[in-house]
Amino acid sequence: MTDQTAPQFIDDDLPAIALEPVRPKRGVADAGTRIVAERKLTFWNTLDKPMLIITGMLLALGLMMVYSSTFDWSLSEFGSETRVLFSHIQNVVIGIVAMIIFSRVNLRFIRRIALIVMLMAISFLIAVLIFGDDTFGARRALINGRFQPSEFAELAIIIYMAAWMGSKNVRVRSFTYGLLPFLVLVGIVTGLVVIQPDLSTAVTIFITSGIMFFLAGANMRQVGIVLGTLFLAGMLILPFFPYAKTRIDAYMAGITDPTQASWHTQQALIAIYYGGWTGLGLGTGQSKFQGLPAPHTDSIFAVIGEEFGVIGAVVVIGVYLVFCIRGFQIARRATDAFSGLIASGVTIWVTSKAVLNIAVMTNLVPATGLPLPLISFGGSSLVVILAGIGLLLAVQRQTIIKENSPERRNARANDYSGGRDRRSSVPRTSSRRVHTS
């Protein structure tokens with residue numbers, strides 16, 4: 001009796017039959033390819049590597065310069081050369097975590113909560129005027145100086161402006177529905193920041209939102225009105241802030257005679273002058289010990305110029321330039337207006353802060369109190385900037401994911417088939433015959 005479960009072998013005497021491999025149907029093959037492609041589209045693969053490299057370079061330089069400019073002060077103040085450095089490292093870690101979280105967030109969710117974020121920022125700005133820590137006559141921070149609402153407001157207004165101006169039904173060129181709401185919103189936010197007082201942050205907010213307004217479609221007439229409003233507001237505000245008028249007077253005098261510039265600017269120029277072309281070497285600069293104000297925050301670019309020379313300072317400027325170029329490349333490839341404006345806003349924001357800081361150190365603009373982004377020692381400022389860069393990465397991730405979606409791949413495959421093989425990309429009708437009875 002034959003075992004029914006035993007395998008049945010082909011008789012060796014029978015002629016061999018050439019069997020063609022079984023080919024999966026086209027739909028099955030496409031599905032398999034899609035599954036493999038989606039598996040390869042990991043979180044790491046969707047991150048923008050150039051932006052990560054640029055950010056990493058600036059953070060690494062910041063760690064070196066913060067230690068170089070604080071080890072002596074940290075030793076005398078806290079009994080440890082690395083106390084301030086470890087505090088900065090803690091802020092960097094928190095900022096990187098925030099960057100990763102924001103890079104994974106769904107931009108549609110950010111768009112939905114844009115109004116809530118803006119209202120939170122305004123609430124914080126009001127709260128700091130009432131409950132804020134009074135330091136040298138200014139109220140800028142909450143929670144014992146750990147949180148500055150004005151820094152959060154810089155990012156909040158970028159998100160809200162992108163959500164508002166990126167809407168399909170918004171009329172940017174309209175005075176009633178475009179220019180007037182823009183001036184009211186920016187006026188409220190910058191006004192609350194000016195009252196603290198924090199004029200440098202107010203200028204940054206105005207510059208960032210103004211350029212975003214132009215990129216969203218505002219015409220030159222509206223831009224002229226915005227600039228005129230800024231000039232008029234400046235003339236009205238200056239008499240109430242004598243220190244700002246003093247800085248402007250010192251700047252005007254220092255244009256023709258650097259010795260008449262403000263003390264801060266003079267010390268920064270001296271530090272850069274001592275550095276020469278190649279610098280004195282990391283950690284060997286002397287100006288940070290001899291009167292250079294805030295060497296680990298506002299004046300850190302002067303420390304870079306002294307220890308790495310003009311060449312090193314130019315390299316730093318070049319890195320910020322590359323950041324700006326890459327940021328606008330991400331914005332240009334964005335899949336929708338909201339994402340493009342978010343990417344543009346973050347790029348303008350970081351770049352403008354860097355430009356203003358460097359311009360102050362070289363006496364190109366009146367003295368301000370802005371840190372050098374991603375390099376200067378900072379708490380809320382550093383964390384918020386890294387969160388903004390996380391949104392920039394989220395825009396690029398969204399673009400890559402959409403470009404690799406099944407619909408896009410099928411469309412590219414059809415275009416490739418029609419162009420390369422010179423075949424029609426229109427699907428062929430079935431060759432099956434229909435039998436009629």
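By class, how many nonpolar, polar and charged residues does the lining of the largest cavity have? The structure examined here is a predicted model, in which local features need pLDDT of at least 70 and side-chain atom pairs count only at pLDDT 80 or more, whereas totals for chains, interfaces and linings use all residues. Residues are numbered from 1 along each chain as its sequence is written, and side-chain values use heavy atoms, with hydrogens and water left out.

A search of the whole structure finds one cavity of 30 Å³ or more, a cavity being a set of points on a 1 Å grid over the protein atoms alone where a 1.4 Å probe fits but cannot get out, with lining residues having an atom within 4 Å of a point. The largest cavity holds about 50 Å³ of space, where grid points are joined across faces, edges and corners and the volume is the space filled by probe spheres set on the points. Its lining comprises Pro 371, Leu 372, Pro 373, Leu 374, Ser 376, Phe 377, Gly 378, Ser 381, Leu 382 and Ile 385. Seven of these lining residues are nonpolar, three are polar and none is charged, on a scheme in which Ala, Val, Leu, Ile, Met, Phe, Trp, Tyr, Cys and Pro count as nonpolar, Asp, Glu, Lys and Arg as charged, and the others, Gly among them, as polar.

Leu 374, one of the lining residues, is placed in the loop between α14 and α15, the helices being DSSP runs (H or I, at least four residues) numbered from the N terminus. Phi of Leu 374 is near 70°, a positive value in a residue other than glycine, and Leu 374 is buried at a relative accessible area of 3% (buried means under 20%, exposed over 50%, and partly exposed in between, with a 1.4 Å probe and protein chains only). Asn 363, found in the loop between α14 and α15 (380–403), has a positive phi near 60° and is buried, with a relative accessible area of 13%. Most residues other than glycine have a negative phi, and most peptide bonds are trans. The peptide bond from Gln 196 to Pro 197 is cis, with omega near 0°, and Pro 197 belongs to the loop between α8 (175–195) and α9.

The structure holds five salt bridges, each defined as a side-chain nitrogen of Lys or Arg within 4 Å of a carboxyl oxygen of Asp or Glu. In one of them, Asp 48 pairs with Arg 326, the closest N and O atoms being 2.4 Å apart. This pair links distant parts of the chain, 278 residues apart, with Asp 48 in the loop between α2 (43–46) and α3 (49–78) and Arg 326 in helix α13 (residues 300–332). Asp 48 is buried at 3% relative accessible area, and Arg 326 is buried at 17%. A network of salt bridges links Glu 151, Glu 154 and Lys 353. Glu 154 and Lys 353 meet at 3.5 Å, N to O; Glu 154 lies in helix α7 and Lys 353 in helix α14, so the pair ties together parts that are 199 residues apart in sequence. Both Lys 353 and Glu 151 are buried, and Glu 154 is buried as well.

Terms used:
On a 1 Å grid over the protein atoms alone, a cavity is a set of points where a 1.4 Å probe fits but cannot get out, and a pocket is an open set with protein on both sides within 12 Å along at least five of seven lines; lining residues have an atom within 4 Å of a point. Helices (H or I, at least four residues) and strands (E, at least two) are DSSP runs, numbered from the N terminus.
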